[in-house]
Amino acid sequence: MDRIIRCITTDGSIMASAVETTDIVYTAQQIHHTSAVTTAALGRLLSAASLMGNMLKKKDAVITLKIKGNGPAGAVVAIADSTGNCRGYVEHPEVSLPNKPNGKLDVGAAVGADGLLSVMRDLGEGEPYVGQVELVSGEIGEDISQYFAVSEQVPTVCALGVLVDKESGQSLLSGGMLVQVLPGADSAAIAKLERNAALLEPVTTMLAKGMSMEEMCHQALDGFEMEILDESPVKYVCTCSADRVTRALSTLHPGDIRTLADESGKMEAKCQYCAKTYEFTQEQLNQLADSVEREHGQK
Ligand SMILES: [Zn+2]
């Protein structure tokens, strides 16, 4: 079972969060049939979304991360709620690229370094807050760090990792960490954090050693006293339902709704996030179009 944790130094100067997303990324790969490199891209973004979602203070809040670079993988999207549960997809999951000369998956080339990272926080009240930065490398961890530095003026270390089997391309381990300097941190604390960050092992190395999320935070906050703010399980969760699909369809023009069915007299809508299909018969589509027309008529 994947877990997420948030810790803070007792002097209140630094926050550290860690998440294991091994099961989440395994599920994502089963749903989307991602290649090795797109598994890594989606897995990293899912970890980042889970960490950033878990930081939202409103219970019904939702965060959406979208990376759109100029690489062959196309857009990568991850959504998380305030408990860190998440879902996502990659536009071209089948894209496969040779590894970098150092043997690492070339996520930066799959995503493309020329493009944007957008972050949308919907707190469930009023307009969502949207921030956007240009990508640094398309490797995702650096791009998230850059987002916090530029868009929110919060110095941040973001480390994300997905380990896949070299032969099969199957994801084996996945996780991420987010370490942030809080307002009021003194220069000694920042210097200590910078030393720790330079020594921090890759996330997948720590996971392979069997380290817990708490131990990972301890490593990032070495030399500080820390306390755990909260810890909980996290999962790949989709929120789609027949109701939501119907509501999405009802935003279309009634004339268009009537023509959605194929020769077999049915229309299938497939959820982008979990691949669940929802079927609508011609009769159901006609009824929906009628009710949309009635509503329009009342206005
Ligand atoms: Zn779904």
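1. Burial. In this predicted model, buried residues account for 40% of the 299 residues in the protein chain.

2. Overall build. You will find ten helices and twelve strands in the protein chain. Its radius of gyration is 21 Å, close to the 19 Å that the globule rule gives for 299 residues, so the chain is as compact as a globular protein of that length. Along the principal axes, the C-alpha atoms fill a box of roughly 65 × 45 × 35 Å.

3. Nonpolar cores. The largest nonpolar core holds 72 residues, and the ones with the most contacts inside it are Ala16, Ala41, Leu45, Ala48, Ala49 and Ala78. Helix α2 (residues 36–53) gives the most to this core, with eleven residues. Apart from that core lies another, of five residues, including Leu249, Ile257, Phe280 and Ala289.

4. Seven of the seven residues of β2 (residues 14–20) are buried. As a reminder, side chains in a regular strand alternate between the two faces of the sheet. In β2 both faces are covered: Ile14, Ala16, Ala18 and Glu20 are buried on one side, and Met15, Ser17 and Val19 on the other. Leaving aside residues up to four places away in sequence, Ala16 touches Cys7, Met177, Val179, Cys217, Ala220 and Leu221.

5. The partners of β2. Strand β1 (residues 3–9) runs antiparallel to β2 and is joined to it by five bridges, with Ile5 standing opposite Ala18. Four residues lie between the strands of this hairpin, where Gly12 takes a positive phi near 75 degrees. Strand β9 (residues 171–181) is also antiparallel to β2, through seven bridges; the bridge partner of Ile14 in β9 is Val181.

6. The five-stranded sheet. Which order do the strands of the open sheet follow? The order is β5-β4-β3-β6-β7, with antiparallel pairing. The edges are β5 (86–90) and β7 (129–134); each has a single partner strand, so one side of each is left without a neighbour in the sheet. From one strand to the next, the twist averages 10 degrees.

7. Inside that sheet, and across it. Seven bridges join the antiparallel strands β3 (residues 62–68) and β6 (residues 116–122). Lys66 stands opposite Ser118 in β6. Helix α4 (residues 141–151) lies across β3, β6 and β7, and runs at about 115 degrees to β7.

8. Two backbone angles to look at. His33 is not a glycine, yet has a positive phi of about 50 degrees. You can find His33 in the loop between α1 (22–32) and α2. Is His33 buried or exposed? His33 counts as exposed, because it has 11 C-beta neighbours inside 10 Å and the cut-off for exposure is 12 or fewer. Ile140, not a glycine either, has a positive phi of about 80 degrees and sits in the loop between β7 and α4. Ile140 has 31 C-beta neighbours inside 10 Å, so it counts as buried.

Conventions: Residues are numbered from 1 along each chain as its sequence is written. This is a predicted model: local features need pLDDT of at least 70, side-chain atom pairs count only at pLDDT 80 or more; totals for chains, interfaces and linings use all residues. The radius of gyration is taken over C-alpha atoms; the globule rule is 2.2 Å times the number of residues to the power 0.38. A residue is buried if 20 or more other C-beta atoms lie within 10 Å of its own, exposed if 12 or fewer, and partly exposed in between; C-beta atoms are placed from the backbone. A nonpolar core is a set of buried Ala, Val, Leu, Ile, Met, Phe, Trp, Tyr and Cys residues joined through C-beta atoms within 7 Å. Two residues are in contact if their C-beta atoms, placed from the backbone, lie within 7 Å. Two strands pair if DSSP finds at least two bridges between them. Axes are lines fitted to C-alpha atoms, for helices over the stretch in contact, and angles run from 0 to 180 degrees between N-to-C directions.
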